[in-house]
Amino acid sequence: MQNTVACYKWVADEADIRVHPDLSVDLSRAAGRISEYDKHAIELAVQLAGNSGGQAVGLTFGAEPVRKSLKDALSRGLDEALWIKAPEQATVDAVVTARALAAGVKSLDGVGVIVCAEGSGDSYARQTAPRLAALLGLPVVTSVCEATFVDGVLRATRRLEDSLETVAVALPVVVAVLPQINRPAIPGLKAVMAAGRKPVTEKTAEELGVDLAPKSEITSMKGFAQARKNVLVESVADLVAALKKEGIV
Amino acid sequence: MFYMTEERQLIVNITREFMEKEAAPVALEHDREGKWPLELFRRAGELGLLGIPFPTEQGGLGADWTTFALVYEEVGKVMPILGIALGSSSILAGGLVSTAGSPEQIEKYMVPANKGELIFAGAFTEATGGANFFEMQGHADPDGDDWIINATKLFITNAGIADVYLVLVRTGELQPGTANGFTFFFVEKDTPGFTVSPPEVKMGFNGNYSATLTFKDVRVPKENVLGKAGDGLKYLVVNSPDEFMAVGALTLGMAEGAYEMALKYSMERMQNGKSLFDNFQVTRFKLANMKLEIEALRGLVYMAFDLRDKGVMPPEYGRMLKIKGPRVAEYVAAEAIQIFGAPGVVFGTGVERFWRDAKINFIAGASLEACQDALANYIRGNYYKSA
């Protein structure tokens with residue numbers, strides 16, 4: 001029996017983020033949500049725990065607003081949740097996050113698989129899983145689009161640029177999954193009501209001895225606008241020629 | 001908002017996820033093709049969107065009415081006909097069964113209905129009388145242990161798709177000043193003598209069926225009587241505010257759906273290098289007034305549902321929502337079309353669907369005028385009571 005951990009992040013809802021004409025990014029009206037990518041990680045963790053007869057544990061790190069994520073995560077089939085609470089004013093980068101998650105995993109028993117999304121809905125830095133694995137001294141399998149237990153090992157298929165690679169890896173292991181791996185189920189309202197009765201453990205970063213000193217800082221954030229070339233064409237032949245010139249056809 | 005809790009917010013988010021991922025991609029197709037949303041209805045049942053306010057022992061969610069309203073509002077934003085399908089089964093008919101059904105009827109009908117495995121339709125309206133049930137001609141007569149039903153019911157929502165019809169007919173002489181003499185019967189869809197006409201072709205709510213039901217010497221056993229014979233109209237009087245309130249929540253969502261479309265369009269449609277919103281005061285004022293009406297309706301809706309949850313809601317609030325909700329939804333949708341200009345009147349952009357659907361709510365269930373009349377009667381009664 002192996003327990004499975006799903007790491008997830010509470011991010012600003014992309015639908016609420018506004019980019020002003022000067023390309024400055026306005027997050028002030030953005031509500032929080034579990035990163036869409038992380039819902040795939042949760043789905044896989046629940047599935048693997050079901051296959052192994054173990055528990056699926058949600059693991060998250062962040063300040064007070066993260067509390068809002070707990071019932072949502074638990075309604076998606078997780079058995080329990082562990083929240084590593086960050087100080088309100090902490091500057092958190094990928095290194096700090098990985099340290100906190102590693103401390104969280106170490107506090108759990110019988111963990112076989114730690115599932116992360118390949119990237120998060122805000123920065124998509126793709127650093128959490130490799131850094132977490134390094135801190136835990138575990139193997140990491142990234143870009144996973146399929147994963148299952150076979151004879152006590154995890155068999156995972158990696159989607160690479162132009163090929164699929166299947167690996168078998170002994171447990172415990174950290175995996176980073178792509179959205180193609182599954183279609184997260186929308187939880188039923190009964191699961192939402194039941195989520196409030198599932199166990200949640202809160203631990204502060206200080207309690208777990210997490211080093212909160214970041215290694216990087218965000219110096220600026222700008223929206224991205226696709227520049228248009230505004231090429232006018234007068235015929236289909238002109239259009240084809242313009243597309244050829246751009247290397248599109 | 002005073003009515004929002006963490007759990008309710010999560011339920012709203014889950015409903016929004018369902019509506020965005022599964023309903024939104026097909027909503028306009030159902031409107032265009034007039035196709036009843038059976039698959040979505042079943043999914044809604046799986047997710048627990050039916051039976052929200054009903055007890056868990058009836059297969060319901062055991063949540064409160066405010067939670068129901070929040071869910072219904074989300075449904076209305078994206079696909080009003082799904083709300084009509086759900087509400088007609090769950091609240092209009094299901095509410096009666098929840099209130100008056102025997103344990104056997106709850107088990108047989110209500111539990112599967114709350115899971116979306118069984119669809120109800122409530123059959124009340126007839127050609128004569130309309131909302132005045134005392135002019136009802138449809139009747140049932142006892143025959144041994146059975147009842148024989150003869151009736152024609154018009155504009156019945158979910159007709160032709162429902163598995164079980166809850167039919168209101170006269171079962172005795174009218175007794176002036178009382179609501180006695182009316183009975184609800186469960187009639188299953190394959191019962192001999194029961195037929196359903198093809199659905200009406202309507203201006204709105206396309207994809208939800210409204211049709212004529214004919215009951216010709218339809219024989220049902222006495223076990224198919226809902227509650228007590230003769231008390232049908234009493235059950236309806238108790239439950240009808242819930243149906244009207246559901247319309248309030250649904251039309252709030254419809255107004256918001258149309259408003260969001262118009263706001264986005266006004267921000268993104270450029271003229272002379274500026275958005276419509278920034279270019280024209282008239283557009284900004286339209287959106288400001290639309291927002292104002294929506295928030296006023298929201299206040300009324302959630303105040304009424306809050307009072308409903310506390311068990312102290314005066315029944316006239318149901319009628320207030322049935323009047324105010326469709327008015328706001330129709331006004332906002334009409335203004336949204338105006339902001340869109342020519343694309344607003346083209347089938348397929350979706351904004352005009354909100355207007356067509358909103359207009360139906362002026363009449364479906366009970367006309368605005370009938371609701372105003374009842375509200376006026378209440379005002380008069382209250383005046384003399386307090387005088």
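## Salt bridges around A:Arg33

In this predicted model, A:Glu14 has a relative accessibility of 34% and therefore counts as partly exposed. The side chain of A:Glu14 meets that of A:Arg33 in a salt bridge, at 4.0 Å from N to O. This pair links distant parts of the chain: A:Glu14 lies in the loop between strand 2 and strand 3 of chain A, A:Arg33 in strand 5 of chain A, and 19 residues separate them. A:Arg33 is itself partly exposed, at 23% relative accessibility.

A:Arg33 also forms a salt bridge with A:Asp13, and here the closest N and O atoms are 2.9 Å apart. Because A:Arg33 belongs to strand 5 (residues 32-34) of chain A and A:Asp13 to the loop between strand 2 (10-12) and strand 3 (18-19) of chain A, the pair ties together parts that are 20 residues apart in sequence. A:Asp13 counts as buried because its relative accessibility of 14% falls below the cut-off, which is set at under 20%.

## The charged network

A network of salt bridges links A:Asp13, A:Glu14, A:Arg33, A:Glu36, A:Lys39, A:Asp72 and A:Arg76 with B:Glu17 and B:Lys21. Between the chains, the side chains of B:Lys21 and A:Glu36 meet in a salt bridge, with an N to O distance of 3.6 Å. Over all chains, the structure holds 42 salt bridges.

## The interface of chain B and chain A

Contact between the two chains involves 20 residues of chain B and 15 residues of chain A. The area buried between them is about 1,600 Å², and carbon and sulfur atoms give 65% of this area. The count of salt bridges between chain B and chain A is four. Two residue pairs are found in polar contact across the interface, both at pLDDT 80 or more.

On the side of chain B that touches chain A, the elements giving two or more residues are helix 1 (6-33) and helix 2 (38-47) of chain B. Helix 1 of chain B gives the most, with nine residues. By class, this side of chain B has 10 nonpolar, four polar and six charged residues.

The side chains of B:Arg43 and B:Glu46 meet at 2.8 Å, N to O. Both residues lie in helix 2 of chain B, three residues apart, which is about one turn of the helix.

The two partners fall into separate accessibility classes. B:Arg43 has a relative accessible area of 21% and is therefore partly exposed, whereas B:Glu46 is exposed, with a relative accessible area of 56%.

## Overall form of chain B

The secondary structure of chain B comes to 11 helices and nine strands. Its C-alpha trace spans about 80 × 55 × 40 Å along the principal axes. The radius of gyration of chain B is 21 Å, which agrees with the value near 21 Å for a compact globule of 387 residues.

Of the 387 residues in chain B, 55% are buried. Among contacts in chain B between residues at least 6 apart in sequence, 74% join residues at least 24 apart.

How values were computed: Residues numbered from 1 in each chain as written. Chains lettered and ligands numbered in written order. Predicted model: local features only at pLDDT ≥ 70, side-chain atom pairs only at ≥ 80, totals over all residues. Heavy atoms only, no water. Contact = heavy atoms within 4.5 Å. Buried area = accessible area lost by both parts, 1.4 Å probe. Polar contact = N/O pair within 3.5 Å; in protein donor to acceptor, adjacent residues only side chain to side chain. Helix = DSSP H or I, 4+ residues; strand = E, 2+ residues; numbered from the N terminus. Nonpolar A, V, L, I, M, F, W, Y, C, P; charged D, E, K, R; others polar. Buried < 20%, exposed > 50% of the residue type's maximum accessible area, 1.4 Å probe, protein only. Rg over C-alpha atoms; globule rule 2.2 N^0.38 Å.
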